[in-house]
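Let's take a walk through a few local features of this model. Keep the sequence and the 3D view open as you read.

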Amino acid sequence: MFDLTGFFNPESVAVIGASEKPGKLSGIILQNLLKACYKGNLYPINPSYKEIFGLKCFPSITEIPERVSLAIIVIPAPKVPKVLQECGEKRIGSVIIVSSGFRETGKDGAQLEKEIKDIGKKYGIRIIGPNCMGIYDPNSCIDTFFIPPERMGRPCSGEVAILSQSGSFAVTFLDILAYEGVGVSKIVNYGNSVDIGESELLRYLADDEKTKVVALYIESVDDGRGFVEASSYCSKRKAVVAFKAGKREAGIAAARSHTGAMAGKYEIYKAAFRKAGIVEAETYGELLDACKIFSFQKPAKGNRVLIVTDGGGIGVAIADLCGDYDLDVVGLSSDIKDRIKKKLPPFYSLNNPIDLTGSATDDEYGLVIKEALKGDHYDLAIVTALWGPPALSDRLIDVIAEAAEVTGKPIIICSIGGKFTMSRKGLFEKKGLPVFPSPERSVKAASLLVKRGMIKT
């Protein structure tokens, strides 16, 4: 398999079609690379300029005297084949074609796409795109997404990799993950995937030390067998979660006009996900939550869930939802009850959910979580932290984090509320405890950990 390092850690980058005109995509990409403090050599290419943003500009890629690792092509589609051939003559091994106007536009565009595919094969050029945003990699400071960071945030370095056929999906995920404080290792939008697609990227990420979780947005897969093999290889090493778009007729038609994708029958994809060890996300929001939960917590070894709350009604709602997601709300054993009832007020409800009521204290949370999760009676816990009880303090966060470390079992925080509650969200997550703002999202996140735990690795 080809080493994709030239895309993710290039020694030098050329932007073909670079411009200083406001709003030009090529100019935004060049500025983003400068803002990201990319440390390699940057080469703007445009015969109309001598200098762009303080960088010497070259009339063509062939006139750069030094070796170029990565070329980013941002010019009208009809001009791409000639420039790609020049990249081949320059022996550039990695090219991102941002330009659109290929098979997604119809017959003429498809012919143009075939032409660049043939040129790539002739010269041994590996291509991401066309019709794509390209790559965001905070570790190597590569940012080819043509939207300014003032409009779409950039996540910090982390362990989640995003592979997306859709550019709009990739950039919105970029922005939301930045807002949520979830770090990424890489985000790749590969568009029409004339050469490199999800299968090769999955194999690359399977061996990437910086990546722990791989999330996929898929409209279509050209090579079903190759995809299953690559996904299986990756899912044995990393958590892999996928959202399939184009499940129904209207979505299939939209996908065809979007990237020229032949979306295919959803049932086939669903079966392929199961076979490959992929956890399927049914909605956009679920994929986002999967990225978060898998980056924060390890898989659960079973489906027996403990619920601890200081609000009885929320505990009941969580218990109800657990039944919808095949989570087993096992009652407390007599042994667990005996260990904790002597140290708690008699009016606390020692069932499952354990309701600590409005009298809850920080230490009581720690006590019940440690004692109940001790041994093998439960596999994970959903802990509701409602900040109304006057005895609770910020120390609660450290207490629950300690309980998670002592027991070694996944703990999910369900914390519902407004300004004060949300101000504590970041404190929990700094301690490695993922927070979800509703019973529904908390329970679904728990079910994802269980699904991942059921996959043989």
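## A glutamate in a helix

Leaving aside its neighbours within four places in sequence, which residues is E286 in contact with? They are E280, A281, K444 and L448, where contact means heavy atoms within 4.5 Å. You'll find E286 in helix α10 (residues 284-296); helices here are DSSP runs of H or I with at least four residues, strands are runs of E with at least two, and both are numbered from the N terminus. E286 counts as buried because its relative accessibility is 8%. Buried means under 20% relative accessible area, exposed over 50%, and partly exposed in between, using a 1.4 Å probe and protein chains only.

## Before going on

This is a predicted model, in which local features need pLDDT of at least 70 and side-chain atom pairs count only at pLDDT 80 or more, while totals for chains, interfaces and linings use all residues. Residues are numbered from 1 along each chain as its sequence is written, and side-chain values use heavy atoms, with hydrogens and water left out.

## Strand β6 and its partners

Strand β6 (residues 94-97) is covered on both faces: S94 and I96 are buried on one side, V95 and I97 on the other. On to its pairing, which requires DSSP to find at least two bridges between two strands. Strand β5 (residues 70-73) pairs with β6 in the parallel sense over four bridges, and A71 has V95 as its bridge partner in β6. To get from β5 to β6, the chain goes through helix α3 (residues 80-89) in a right-handed β-α-β crossover. Right-handed means that, with the strands pointing away from the viewer, the path from the first strand over the helix to the second runs clockwise.

Strand β7 (residues 126-128) also pairs with β6 in the parallel sense, over three bridges. Here V95 stands opposite I127. The chain passes from β6 through helix α4 (residues 107-123) to β7, and this β-α-β crossover is right-handed.

Most residues other than glycine have a negative phi, and most peptide bonds are trans. Now for some exceptions. The peptide bond joining G129 and P130 is cis, with omega about 0 degrees, and P130 sits in the loop between β7 and β8 (134-137). N131 is in the loop between β7 and β8 too, and its phi is positive, near 60 degrees. With a relative accessible area of 18%, N131 is buried.

Elsewhere, N352 and P353 are linked by a cis peptide bond with omega near 15 degrees; P353 is in the loop between β16 (349-350) and β17 (354-355). D326 isn't a glycine, yet has a positive phi of about 60 degrees. Its place is the loop between α11 (312-324) and α12 (334-341), and D326 is exposed, at 62% relative accessible area.
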